[in-house]
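User: Can you walk me through this model? Keep it short, please.

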Amino acid sequence: MKIHSFKTNESGLNRFFGPLEAKIMHILWNGPEMAIKDVQARLAKEQAINFNTVMTVMNRLVDKGVLRKRAEGRVSLFQPTQSLEQFLETQSKELTNDLLEEFGPLVVNHMLDALEEADPALLEQLEQKIQALKKER
């Protein structure tokens, strides 16, 4: 699953989702599968929100492949298709590949420039990854 609109001017999950989508995903990533009314109740703790609005957004997240929906009696239960960690891994990989495909060496140069301020442990990880790639060739 690929999120098609990455927002550079946002932070956290809002980079991938609209504000309500991000709140819904946060709730579902931090709990068990839930019915729409349960998600609505959690959202309503911050601000009143219409059931139909929550239902529409959750069904759109199903259509995008981010949520899975299953029926239990007359209630639909929703849960993410990936863990938060898996989602971030997939999206960051897609974003990196897209940037490399479009901008090539410029992206690599900017990433290397950003490493000047990186944690030494991250630099060590990168060095090990480069050595492993060299051995494979």
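**Helix packing**

Analyst: Helix 1 (residues 19-29) packs against helix 3 (residues 51-63) at an angle of about 75°, and their axes are 10 Å apart. Helices are DSSP runs (H or I, at least four residues), numbered from the N terminus. Axes are lines fitted to C-alpha atoms over the stretch in contact, and angles run from 0 to 180 degrees between N-to-C directions. This is a predicted model: local features need pLDDT of at least 70, side-chain atom pairs count only at pLDDT 80 or more, and totals for chains, interfaces and linings use all residues. Residues are numbered from 1 along each chain as its sequence is written, and side-chain values use heavy atoms, without hydrogens and water.

User: How are helix 1 and helix 3 oriented to each other?

Analyst: Helix 1 and helix 3 are roughly perpendicular, because of that angle. The cut-offs are under 35 degrees for roughly parallel, over 145 for roughly antiparallel, 65 to 115 for roughly perpendicular, and oblique for the rest.

User: Which residues meet there?

Analyst: Leu20, Glu21, Ile24, Met25 and Leu28 of helix 1 meet Thr53, Val54, Val57, Met58 and Leu61 of helix 3. Contact means heavy atoms within 4.5 Å.

User: And what about helix 4 and helix 5?

Analyst: Their angle is about 125°, with the axes of helix 4 and helix 5 6 Å apart. Helix 4 and helix 5 are therefore oblique to each other. Helix 4 brings Thr96, Leu99, Leu100 and Phe103, while helix 5 brings Pro105, Leu106, Val107, Val108 and Met111.

User: New topic. How much space is in the largest pocket?

Analyst: The largest pocket holds about 580 Å³. Closest to its centre, of 15 lining residues, are Thr96, Leu100, Met111, Leu126 and Lys129. A pocket is an open set of points on a 1 Å grid where a 1.4 Å probe fits, with protein on both sides within 12 Å along at least five of seven lines; lining residues have an atom within 4 Å of a point.

User: Which helix gives the largest share of the lining?

Analyst: Helix 4 does, with six residues.

Technical notes
Points joined across faces, edges and corners; volume = space filled by probe spheres on them. Helix = DSSP H or I, 4+ residues; strand = E, 2+ residues; numbered from the N terminus.
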